[in-house]
Amino acid sequence: MYPVNEIFYSLQGEGRWAGRPAVFVRFSGCNLRCAFCDTDHRLCEEMDAQSIVGEVERHATDFVVLTGGEPSLYVDAPLIEMLHDAGKSIAIETNGTHMLPDNIDWITLSPKDGYVDNAEVVLECANELKLVFDGTHTEAIGRYADFDAEYFYLQPCDTGNVERNRAITAAAVDYCLEHPQWSLSLQQQKILNIK
Ligand code: SF4
């Protein structure tokens, strides 16, 4: 059984696949406690793999994003295999503190070790690296400049304060312009006011 927070159909809002229709399988629970976390971990339904696949198959897209919470605490190779058998391509969004099944198609690594304790990254590569940017942890960004990834994104932190968010986004733009290895990732789902 898997602790599922919600399963929903929307557009991927962030990173390389922004704009792509995706079914999101959000798991409840995380080993970290980031101040900016926007997952309500109290919401949780225990679902088996067949039920998850059945819910995913209700939607037309072939793209599934496993997110959280921290999906690496729960996701295993048999679940990925069943989703593959249903014709789906599988992406995962992880904080990188746990190893992953090796049959996942796309890994988005979003390290949190610049923000909280006990968040050491054990993954050695990813398809994309996406760092939350709050303007004050730039040394953490420098540490990941040589990471084995194809795409490097800075994503402005949503503080819930409009003025503060504006300043953080401006600083993120400046950082990307000065360090063009990094591209800006906006949470387009929030701009579009979609889920
Ligand atoms: S790693 Fe992600 S899910 Fe876990 S507490 Fe931090 S923001 Fe929330």
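**A loop, then a helix**

A: Asparagine 118 sits in the loop that joins β6 (106-109) to β7 (128-133). Helices (H or I, at least four residues) and strands (E, at least two) are DSSP runs, numbered from the N terminus. This is a predicted model: local features need pLDDT of at least 70, side-chain atom pairs count only at pLDDT 80 or more, and totals for chains, interfaces and linings use all residues. Residues are numbered from 1 along each chain as its sequence is written.

Asparagine 118 counts as exposed because it has 10 C-beta neighbours inside 10 Å. The scale counts other C-beta atoms, placed from the backbone, within 10 Å of the residue's own: 20 or more is buried, 12 or fewer is exposed, in between is partly exposed. Threonine 97 is 21 residues from asparagine 118 along the chain, yet their C-alpha atoms are 8.6 Å apart.

Now turn to helix α2, residues 77-85. Leu79, Ile80 and Leu83 are buried there. Looking down the axis of α2, these buried residues fall within an arc of 100°, so they line one face of the helix. That arc is taken from the directions from the helix axis to the C-beta atoms. The face of α2 turned away from the buried side carries Ala77, Pro78 and Asp85, which are exposed.

What lies over the buried residues of α2? The cover includes α1 (49-56), β4 (63-67) and β5 (89-94). Contact here puts C-beta atoms, placed from the backbone, within 7 Å. Just after α2 comes glycine 87, with a positive phi of about 85°.

How values were computed. Contact = placed C-beta atoms within 7 Å.
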